Amino acid sequence: MARIDLDLSHSYRPDPQSDEDYALLPLKFTFEDGGAYALLGPSGCGKTTLLNCISGLLRPSHGTIAFDGRDVTAATPQARNIAQVFQFPVIYDTMTVGENLAFPLRNRGVAPAQVRQRVGRVAEMLDLSASLDRRASGLAADAKQKISLGRGLVRQDVSAILFDEPLTVIDPHLKWQLRRKLKEIHHEFRLTLIYVTHDQTEALTFAEQVLVMSRGKAVQVGSADALFERPAHTFVGNFIGSPGMNFLDAQWRDGAIEIAGRRYMPELAAPAAVALGAAGGFKVGVRPEYLRLAAGNDPQALPARVERAQDIGTYWLVTATVQDAGGAPALVRARLGNEAAGLAPGQTVWLSVFNRHTCYYVNEELVA
Amino acid sequence: MSTLKPVNQKAWLLVIPVVLCVAFSAILPLMTIVNYSVQDIISPERRVFVGTEWFRTVLRDGELHDALLRQLGFSLAVLAVEIPLGILLALSMPAKGWKASAVLVVIALSLLIPWNVVGTIWQIFGRTDIGLLGAALAGLGFDYNYTGSAVDAWVTVLVMDVWHWTPLVALLCYAGLRAIPDAYYQAAQIDGASRLAVFRYIQLPKLRGVLMIAVLLRFMDSFMIYTEPFVLTGGGPGNATTFLSQYLTQKAVGQFDLGPAAAFSIVYFLIILLMCFVLYNWMQRAGTAGSAGSEDMPHA
């Protein structure tokens, strides 16, 4: 177990010129010892590159990695004593399930009695006890992935366990079960776990801290709650949540916020008002969950034209457009209760946008 | 009366071209051999049915037994040298870049040379007066003479075959190695596997398919070897390098014993068929039963 300090960037090109040449832009981050982290981001955002830099499969082109203050930038995965589970199951075909699980221990010369004990323990944890003597090659994909997972968990003295979208091939029911297992393991042994995924539910339920990445850049680090309530970047607002945050183009004019020609005077802290005043144009972000229907004569409500209202079972998803005098109409989604049942396309609704959950973005970055 | 849909039998017509081709290329020539093997044909007009007499003659032929043993020894030696050497070559070849292309071309060169030319090359190569190999060995003080010494001749034929055909094994293995996903090597690195363990538990199992093809091809080919030793040694000195097909040719063309030669051809054919069947089954099992339930299981 170790604290991992990153201060690195990586480019697959030999001579990177612009930001586009980097798979991983300069990043400084510390994974605390015993923490459960998730790296969340869309495909191709550099999550796996970062993970491989940590495990030592890839040497970052710039910068350093330190485990507990010891520089390991040039060290192999063996020397770093890292466990890593890959997206697709890797099993050793000629071995039995038990031999597969024992492989990482045997390679390190662990005593047979201890190997037996650890393998038995891990097999029990993953429900593999019954098939320990079976050949691994004949098993189904999810069983194979459990073996891969087991090989990652079998060593107790590892610096960290890295998971690279390990549950992609597992069916939803088992996925949920295994995720809970991983959480239990984390609570029991306080290992440093780093979990790569593009699934926000997976990241938010698994990790204490989520590192959201976009195009090789870490855009925000925080708890599930922070990512939901105060997205530091419009990308995070959009990416986290289903559907993502609504963004409305706004202007600061004469001490008030102007959206689509109407003026609003929400309560704003003084520094925020100054920042918005200095920026001129900015974006107002509000989650679909925090939009409410308002009375038609409410001066603080935003008029919008209903496109459709869908019953999603436990809530109504209302899609509406806000007509701007100049620009294109902005799409707004709201998660509403049964009060939305009567809404018909074409109808005008009044939405209350400003409340304590509303966020303000200048140049895509959160200011208030 | 049947409730089943009537089966359309017209599809059989589509098989006819293949049947005809195979008939003319394989079955009819084979039947000629069968025809010769059970008759004593003195002239086109005079023929006597002799039953199994030629077969009995052939099976009691001591020279043939020697040739068969020699042949088996040679084929096994070919496999024992070429398969490991081919794997080693494939493992040491570069995986990508211009070097990979260059190595592939260079290594495939010997496969493009016709058999009789290979024989001629080595005949000259091994000569102690003008051949590079022969002269070098003689210069180093070895008493090397592939036309005089049975051991030298046998070894020279083996080395020639290794030179000619190991690249085939190497190319097959190379293709097999390239097909292994990177994740396996990464996982092995994470699991702390040694180079040997990576070979034993990842590369070798993944090469099973191509190795089976390589073993079968090299066995069949070496078991039927004719041209190269014929050009190089002519089967000599004595009978040292007279392999089965050479012996067969001597019987059929040299002595014109068409009956025994035909009987022997059939026996030869059956031996190859049997050996391939045995090899194939053995390798299939070796790959799938493998190390299951081996003695050092990690758990009780």
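Visitor: Where in chain A does A:Asn81 lie?

Guide: A:Asn81 lies in the loop between α2 and β6 of chain A. Those labels come from DSSP runs, numbered from the N terminus: helices are H or I runs of at least four residues, and strands are E runs of at least two. Please keep in mind that this is a predicted model, where local features need pLDDT of at least 70, side-chain atom pairs count only at pLDDT 80 or more, and totals for chains, interfaces and linings use all residues. Residues are numbered from 1 along each chain as its sequence is written, while chains are lettered from A and ligands numbered from 1 in the order in which they are written.

Visitor: Why does A:Asn81 count as buried?

Guide: A residue is buried if 20 or more other C-beta atoms lie within 10 Å of its own, exposed if 12 or fewer do, and partly exposed in between, with C-beta atoms placed from the backbone. A:Asn81 has 20 C-beta neighbours inside 10 Å, so A:Asn81 counts as buried.

Visitor: And what makes A:Arg215 partly exposed?

Guide: A:Arg215 has 17 other C-beta atoms within 10 Å, and therefore A:Arg215 is partly exposed. Its place is in the loop between β9 (209-214) and β10 (217-222) of chain A.

Visitor: What is the phi of A:Arg215, and is the value positive or negative?

Guide: Phi of A:Arg215 is positive, about 45°, although A:Arg215 is not a glycine. Phi of A:Asn81 is near 55°, also a positive value in a residue other than glycine. Most residues other than glycine have a negative phi, and most peptide bonds are trans.

Visitor: Which residues does a cis peptide bond join?

Guide: A cis peptide bond joins A:Ser242 and A:Pro243, with omega at about -5°. You will find A:Pro243 in the loop between α9 (234-239) and β11 (246-253) of chain A.

Visitor: Why does A:Gly280 count as exposed?

Guide: A:Gly280 has 11 C-beta neighbours inside 10 Å, so A:Gly280 counts as exposed. A:Gly280 sits in the loop between α10 (270-279) and β14 (281-286) of chain A.

Visitor: Which residues does A:Gly280 touch?

Guide: Two residues touch if their C-beta atoms, placed from the backbone, lie within 7 Å. Leaving out residues up to four places away in sequence, A:Gly280 touches A:Gln251 and A:Trp252. From C-alpha to C-alpha, A:Gly280 and A:Gln251 are 5.6 Å apart in space, yet 29 residues apart in sequence.

Visitor: How many residues does the largest nonpolar core have?

Guide: The largest nonpolar core has 79 residues, and A:Ala38, A:Ala160 and A:Ile194 have the most contacts inside it. A nonpolar core is a set of buried Ala, Val, Leu, Ile, Met, Phe, Trp, Tyr and Cys residues joined through C-beta atoms within 7 Å. Not counting residues up to four places away in sequence, those that A:Ile194 touches include A:Phe31, A:Tyr37 and A:Ala160.

Visitor: What makes α3(A) roughly parallel to α5(A)?

Guide: Helix α3 (residues 97-107) and helix α5 (residues 141-153) of chain A pack at an angle of about 30°, with their axes 7 Å apart. Angles under 35 degrees count as roughly parallel, over 145 as roughly antiparallel, 65 to 115 as roughly perpendicular and the rest as oblique. That is why α3(A) is called roughly parallel to α5(A). Axes are lines fitted to C-alpha atoms, for helices over the stretch in contact, and angles run from 0 to 180 degrees between N-to-C directions.

Visitor: Which residues of α3(A) and α5(A) make the contact?

Guide: A:Val97, A:Asn100, A:Leu101, A:Phe103 and A:Pro104 of α3(A) meet A:Ile147, A:Gly150 and A:Arg151 of α5(A). These divide into five nonpolar, two polar and one charged. Ala, Val, Leu, Ile, Met, Phe, Trp, Tyr, Cys and Pro count as nonpolar, Asp, Glu, Lys and Arg as charged, and the others, Gly among them, as polar.

Visitor: What makes α7(B) roughly antiparallel to α10(B)?

Guide: Helix α7 (residues 150-178) and helix α10 (residues 208-223) of chain B pack at an angle of about 160°, with their axes 9 Å apart. That angle is why α7(B) is called roughly antiparallel to α10(B). The residues of this contact include B:Trp165 and B:Leu168 of α7(B) and B:Ile213 and B:Leu217 of α10(B).

Visitor: How many residues does the contact take from chain A and from chain B?

Guide: The contact takes 30 residues from chain A and 22 residues from chain B. α3(A) gives the most to the side of chain A that touches chain B, with six residues. By class, that side of chain A has 15 nonpolar, eight polar and seven charged residues.
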